[in-house]
Amino acid sequence: MTTPLGVLVMAYGTPHNLEEVLPYYTHIRHGRAPSDEQLADLIRRYEAIGGVSPLTEITQAQVRGLEQLLHADGGRDVSLYQGMKHIAPFIEDAVEQMYQDGITEAVGIVLAPHYSKMSVGAYEKTALETAKKLGGPKFRFVHQWHMEPAFLDVLTARVGEALHLCANPKDAVVVFSAHSLPERILQTDDPYVRQLHESGEEVARRLQLNHYQFAWQSAGQTGEPWLGPDILDVLRSLKEQGVKEVVSCSQGFVADHLEVLYDIDIEAKQVAKELGIHLVRTRQMNDDPEFLRALRNAIRKCEQQGD
Ligand code: FEC
């Protein structure tokens, strides 16, 4: 009997309660504790979305749904593991568990569609370094899956659905956004910006959109320049152009979490309201089986690729 293929699903992770915000934030900042002011501001944002983010439950539901699809597809037997970037169970814990379970071959996938060395690359590096230290398993990674047909199908449907909620869909502007990163990624041939344009352009092509634009959201306050334009500035400039309706598609994220529930649903909607713009957000993927099929397909393709 062959050993099952290990599938490591990696996600950002979120604090389970407000007490965990400090260690979580410190981990995000590579071990540097935030100032009291930064911590208070983050706690304020979690409180504004109800005290905790639903990300843990959504990630778990995504992993469960994916597991069912992988077990049902007639392919090689799989064992799924879940590892978080910034909270327990960490990626390191999951890889250790895989090793202890005797998994020798594994595929890793990050629940973020577009690749940047600074984001997805960092998850992969953690998994690889842990496996190297332990002596296994041997990993292959799905580096990006933004052009998986099933993902594009769901993204297109979600944008189409949001446009239907507009009074004048033909005049509404679709703003595709993703998490900003420090501008220095442009000094290397990092594919992040190109990939965001690829998936957004494909949705625009399928829906024959006349009006769409790209923006960045959720930039950090680190004192260095981050990729722009920020979505809030894009809203302001659309107002100057006389735009009355905007569909916000946070295509860089696949769950309802702080960066969507606060940054778009509270902050961007407030700015839009002040500008007199009707802002409709596309629904996130969460555990939609159609979306999980895209991940399953990407994993199976990766499994079949040789070294
Ligand atoms: O719901 C939740 O509680 C978690 C939501 C969450 C997701 C997420 C995804 C990404 N981040 C990315 C990059 C950065 C960089 C920094 C950074 C900082 C934060 C902070 C919080 C946070 N991120 Fe995050 N991110 C989420 C949450 N992120 C909270 C800290 C306070 C703040 O800035 O709001 C800056 C680090 C530094 O200070 O040095 C860089 C990227 C993604 C999308 C890909 C992925 O999911 O991994 C890129 C979800």
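**Sheet and pocket**

Reply: Strand β7 (residues 245-249) pairs with β8 in the parallel sense, over four bridges. Strands are DSSP runs (E, at least two residues), numbered from the N terminus. Two strands pair if DSSP finds at least two bridges between them. This is a predicted model: local features need pLDDT of at least 70, side-chain atom pairs count only at pLDDT 80 or more, and totals for chains, interfaces and linings use all residues. Residues are numbered from 1 along each chain as its sequence is written, and side-chain values use heavy atoms, with hydrogens and water left out.

Me: Which residue stands opposite H278 in β8?
Reply: E245 does.

Me: What is the strand order in the open sheet?
Reply: The order is β6-β5-β7-β8, four strands with parallel pairing. β6 (212-217) and β8 (278-281) each have a single partner strand, so one side of each is left without a neighbour in the sheet.

Me: New topic. Which residues line the second largest pocket?
Reply: Among them are G160, L163, H164, K170 and H211. A pocket is an open set of points on a 1 Å grid over the protein atoms alone, where a 1.4 Å probe fits, with protein on both sides within 12 Å along at least five of seven lines; lining residues have an atom within 4 Å of a point.

Me: Which helix gives the most to that lining?
Reply: Helix α6 (residues 149-164), with three residues. Helices are DSSP runs too (H or I, at least four residues).

Me: How much space lies in that pocket?
Reply: About 230 Å³. That volume is the space filled by probe spheres set on the points, which are joined across faces, edges and corners.
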